Amino acid sequence: MSTASADTVTGVGDQQGAGQARAPRRISFNPRESGIYVAFALIVVLFSFLTGGALLEPQNISNLIVQNSYVLILAIGMILIIIAGHIDLSVGSVVALTGAISAVLMVNMGMAWPIALLITLAVGAVIGAWQGYWVAYFGIPAFIVTLAGMLIFRALTLTVLGNQGIGPFPDEVRTLANGFTGGYLGNIGLGPLGGADVVSLLVGALAIAGAVVSRWRKRTARLNYLQEVDPLPMFLLKIVAAAAVVLFVVVQLARYKNLPWVLILLSVLVIGYSLVTTRAVFGRHIYAIGGNLQAATLSGVKVKSVTFWIFVNMGVLSALAGIIVAGRLNQAGPTAGNMFELDAIAAAFIGGAAVQGGVGKVVGAITGGLIMGVINNGMSLIGAPTESVNLVKGFVLLAAVAYDIWTKRRARTAA
């Protein structure tokens, strides 16, 4: 669920304590922060109309999440890389290599799947450390290092696989990639909507309640520090709108095959990385490096260390995506991960990341990935050819970056 703040208001009304003056409030729309969510809503409405409602059918929503899970996982790591002012072109090849290694360990060598998964994630960390060293400590631009990595790791994938696929994977891995939670408490009737899984509905209700409490506490804290906040009606409207979206998705999933396990994994990742980027010192250092490298260095930020670890993190997430892709296809193939890096980069930029770095949110990257997924899925449902899909995705990416540059110029002109 997206809880990113969008509209801001001038003034600091609702301040606590007697005798404090209340500044007049004015609702303002921040196009740079809110535009991505408005665009996502419009795209969903458009394709819902074009597909006759098929886009929002329970099975299709489930397929949309499962089929795009790898992009969303990669987008989480990529947004951190881009915020810091770097890029990673190798993630698709790393996905292929780590998927191949997991297949060799689990299928060819018969290793227990939990151990094989840990080893695969460790390999991803080593790959990230390799690239992070050249970028952070040797000073080679990330574009060059990861471009070399794209070629190197693709070659290693072919070497590991012997130019052939390896499978099938253990049931547990396939369940993680394609499976759903069990109906532990049975179904409940929802009138004309039919039956829905009770556990899925409870999870959705808890998620909504947790988000509401978190947003309310954040608003209260900002008021206590006399900071700008949304007026209460706008705040409530945004909360209700976001809750309605989450509830709709959860109900649709509960009507189909319950919650996909990969959705639960994604939720944990989104919450965890959102906390890191907004509340942890490490996350603030990433923004500082991307915003102004020289100022961050003079302020005592360990630039080299932070840069090194964000590439290690990208390697681990790429390995996780590699396991998900291989498990979903039930086979590790030499062409796996092809063009994945472009999907992840596009998701980050469409989601609001700035070309120069220093700007971006995890939730925004997830939204950007979902926009790409809805375009793919919607155009597939209406029978559009592949070239048309790529054409639309290309224009969407170009428009997102152009919009970012335009809003920056407008802000400088207004200042």
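I worked on a predicted model, where local features need pLDDT of at least 70, side-chain atom pairs count only at pLDDT 80 or more, and totals for chains, interfaces and linings use all residues. Residues are numbered from 1 along each chain as its sequence is written, and side-chain values use heavy atoms, with hydrogens and water left out.

**Entry 1, salt bridges.** I searched the whole structure and found 3 salt bridges. The term means a side-chain nitrogen of Lys or Arg within 4 Å of a carboxyl oxygen of Asp or Glu. R174 pairs with D171, with the closest N and O atoms 2.0 Å apart. Both lie in helix 7, 3 residues apart, about one turn of the helix. Helices here are DSSP runs (H or I, at least four residues), numbered from the N terminus. I then checked exposure: buried is under 20% relative accessible area, exposed is over 50%, and partly exposed is in between (1.4 Å probe, protein chains only). R174 is partly exposed because its relative accessibility is 31%. D171 is partly exposed too, at 48%.

K238 pairs with D230, and their closest N and O atoms are 2.6 Å apart. K238 is at 22%, so it counts as partly exposed. D230 is at 8%, so it counts as buried.

K393 pairs with D343 at 3.7 Å between the closest N and O atoms. This pair links distant parts of the chain: K393 is in helix 16 (residues 386–414), D343 in helix 14 (residues 340–350), 50 residues apart. K393 is buried at 14%. D343 is buried at 17%.

I looked up the largest nonpolar core and got 69 residues; I73, L74, I76, M78 and I79 have the most contacts inside it. Such a core is a set of buried Ala, Val, Leu, Ile, Met, Phe, Trp, Tyr and Cys residues joined through side-chain atoms within 4.5 Å. Helix 3 (residues 69–83) gives the largest share, 13 residues. A second, separate core has 19 residues, including L97, A103, F153 and F169.

Which helix holds T157? T157 sits in helix 6 (residues 142–161). T157 is buried, because its relative accessibility is 0%. Leaving aside neighbours within four places in sequence, T157 is in contact (heavy atoms within 4.5 Å) with S93, A96, L97, A100, G333 and P334.

I counted 7 buried residues of 10 in helix 2 (residues 58–67). The buried ones are P58, N60, I61, S62, L64, I65 and V66. Their cover includes helix 3, helix 9 (232–256) and helix 13.

Terms used: Helix = DSSP H or I, 4+ residues; strand = E, 2+ residues; numbered from the N terminus.
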